[in-house]
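I am opening my notebook on this structure.

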Amino acid sequence: IQMYHELGIRLLEEKRLHMTRVAEDLGRSERTIYYAIQFAKEYPDINKLPKGKAITWRQIRNQLLSGKNLECEHTFKQITLCSSCGKRLKLNE
């Protein structure tokens, strides 16, 4: 859980992200990278997680992040991942 949280925090700090490349470099799916970013955004303090760190990654994805409104204003052009919300974008969106 802490690894996904730290990954999300680090990726939120980036100005331009290429989700496919990050996923390939880390050997993870794009969806996993997206969830890591959303996890860090929704819970910037990992110590405030319901159930503490005794929660599983599956529970985080399915219970804590599922159904959340994760939209934002997209501020960058020609990227594949919005740095504000982590939403995958088409080029020039």
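I started with helix H3 (residues 30-42) and helix H4 (residues 57-64), which pack at an angle of about 75 degrees. Their axes lie 11 Å apart. I keep in mind that this is a predicted model.

How are H3 and H4 oriented to each other? Angles from 65 to 115 degrees count as roughly perpendicular. H3 and H4 are therefore roughly perpendicular to each other.

Next I looked up which residues touch. From H3, I noted Thr32, Tyr35, Ala36 and Phe39. They meet Trp57, Ile60 and Arg61 in H4. I then sorted this contact of H3 with H4 by class: 5 residues are nonpolar, 1 is polar and 1 is charged.

New entry: salt bridges. How many salt bridges does the count give? I found 2.

I checked how open each residue is. Arg10 is partly exposed, with a relative accessible area of 47%. Glu14 is also partly exposed, with a relative accessible area of 26%.

Asp25 forms a salt bridge with Arg21. Here the closest N and O atoms are 3.5 Å apart. Where do Asp25 and Arg21 sit? I found both in helix H2 (residues 19-26). They are 4 residues apart there, so about one helical turn separates them. Are Asp25 and Arg21 buried or exposed? I noted Asp25 as exposed, and Arg21 as exposed too.

Technical notes: Residues numbered from 1 in each chain as written. Predicted model: local features only at pLDDT ≥ 70, side-chain atom pairs only at ≥ 80, totals over all residues. Heavy atoms only, no water. Salt bridge = Lys/Arg side-chain N within 4 Å of Asp/Glu carboxyl O. Buried < 20%, exposed > 50% of the residue type's maximum accessible area, 1.4 Å probe, protein only. Helix = DSSP H or I, 4+ residues; strand = E, 2+ residues; numbered from the N terminus. Axes fitted to C-alpha atoms, helices over the stretch in contact; angles between N-to-C directions. Parallel < 35°, antiparallel > 145°, perpendicular 65-115°, else oblique. Contact = heavy atoms within 4.5 Å. Nonpolar A, V, L, I, M, F, W, Y, C, P; charged D, E, K, R; others polar.
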